[in-house]
Amino acid sequence: GATIGILGGGQLGRMLSVAASRLGFKTCVFEPGGDCPASHVANAHVQAGYDDVEALKTFAQSVDVVTYEFENVPTSALDLIESIVPIRPNRKALAVSQDRLSEKAFLSGLGLTVAPFAAVDDAVDLAEAIAEIGTPAILKTRRFGYDGKGQARIMSPDDAPQALADMAGASAVLEGFVSFTHEVSVIAARGQAGDISCFDPGENVHINGILHTTTVPARLSPAQRTDAVLLAAKILNALDYVGVMGVELFVTPQGLVVNEVAPRVHNSGHWTQNGCVIDQFEQHIRAVVGWPLGDGTRHSNVEMLNLIGDDVDRMPEFAKNSAVAIHLYGKADAKPGRKMGHVNTVLGPAS
Ligand code: ATP
Ligand code: MG
Ligand code: MG
């Protein structure tokens with residue numbers, strides 16, 4: 001059987017590995033850290049940094065296709081890997097989503113609605129951006145942000161100097177504050193034949209910038225649900241995408257606003273493990289190896305709850321509830337803010 005290379009050894013890599021294994025594939029994880037969640041379940045682990053040319057070559061030569069669990073893979077590593085083996089999803093998807101400025105430009109170029117935005121590299125840019133966009137606004141680093149890190153709220157122009165200082169010299173983008181009623185995401189998959197399958201949108205609640213719960217069904221009208229799925233399909237087609245993508249959306253009375261996209265399986269898609277016959281991890285593996293996509297129809301109402309840090313101490317309580325499916329990542333220490341696992345509570349048949 002074929003071997004799938006996975007860049008990144010966190011929980012997403014772990015769950016991709018499990019799905020690949022169930023379909024009869026072997027996996028090899030590339031991850032600098034030693035005792036990582038994916039290394040516990042993958043068939044092989046290349047423990048090296050992204051600047052280690054020999055290790056990257058060995059990794060690429062030992063696999064038939066490479067996919068990834070995070071979008072910040074250095075370009076030089078991707079160039080080297082791609083000279084040896086295909087990378088799916090493709091490089092364009094990575095390039096677009098690695099940088100919030102190119103991401104916003106790409107999405108608005110497709111005719112989708114995004115928050116008003118402007119590039120900010122210094123105090124002059126920021127003053128101009130605030131004059132144009134107004135407040136409240138959010139300054140975000142263009143690259144490497146996740147779980148709300150690298151962001152500063154600007155409630156009035158007085159907050160500008162502190163917000164800029166928070167960027168620590170990194171290139172940033174100012175975004176107008178979107179006054180949304182709630183947040184949803186579409187987990188969408190596209191196969192190598194161009195077939196598309198979207199999971200039902202989930203409704204997301206964040207606490208301190210970190211995803212707290214995803215609930216399906218989301219509160220959406222039939223028209224909004226159709227809009228969400230169609231705009232996700234538009235993004236996938238435009239990128240000639242292969243694999244699963246997470247598309248985060250703000251719901252507003254004026255329509256859906258695209259927040260950001262992630263070219264990979266997504267935390268807000270973990271509910272699919274217990275809400276669908278084929279979950280996002282299997283769907284992603286099917287796509288990257290060229291299989292037809294599976295049926296992602298939702299059979300149950302589900303609430304996914306992330307276990308962050310000490311939340312994992314509630315395991316005995318969750319284990320007593322027979323409707324709760326437990327997913328732990330095998331991480332040793334429950335540091336604050338660290339994603340330790342999640343639980344999916346099956347609420348009943350799909351409604
Ligand atoms: P993730 O962990 O999802 O990758 P991230 O660090 O990339 O998160 P964003 O998704 O950009 O950050 O923002 C995190 C949260 O902050 C959003 O889910 C939303 O709740 C809020 N937020 C971000 N941008 C805006 C905006 N322009 N207007 C209003 N709220 C926003
Ligand atoms: Mg993000
Ligand atoms: Mg986000």
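1. In what follows, Ala, Val, Leu, Ile, Met, Phe, Trp, Tyr, Cys and Pro count as nonpolar, Asp, Glu, Lys and Arg as charged, and the others, Gly among them, as polar. The model is predicted, and local features need pLDDT of at least 70, side-chain atom pairs count only at pLDDT 80 or more, while totals for chains, interfaces and linings use all residues. Residues are numbered from 1 along each chain as its sequence is written, and chains are lettered from A and ligands numbered from 1 in the order in which they are written.

2. The shell around ligand 1 holds 5 nonpolar, 5 polar and 6 charged residues. Among the 16 residues around ligand 1 (C-beta atom, placed from the backbone, within 6 Å of it), those that come nearest are Ala 115, Tyr 146, Asp 147, Glu 175 and Val 178. Ligand 1 lies between domain 2 (116-176) and domain 3 (182-349), because both give residues to its shell; the domain bounds come from an automatic or database domain assignment.

3. Four strands, in the order β5-β8-β6-β7, form an open sheet with antiparallel pairing, where strands (E, at least two residues) are DSSP runs numbered from the N terminus and two of them pair if DSSP finds at least two bridges between them. Because β5 (117-120) and β7 (151-154) stand at the edges with a single partner strand each, one side of each is left without a neighbour in the sheet. Within the sheet, β6 (residues 137-141) and β8 (residues 172-176) run antiparallel and are joined by 5 bridges, with Ala 137 opposite Gly 176 in β8.
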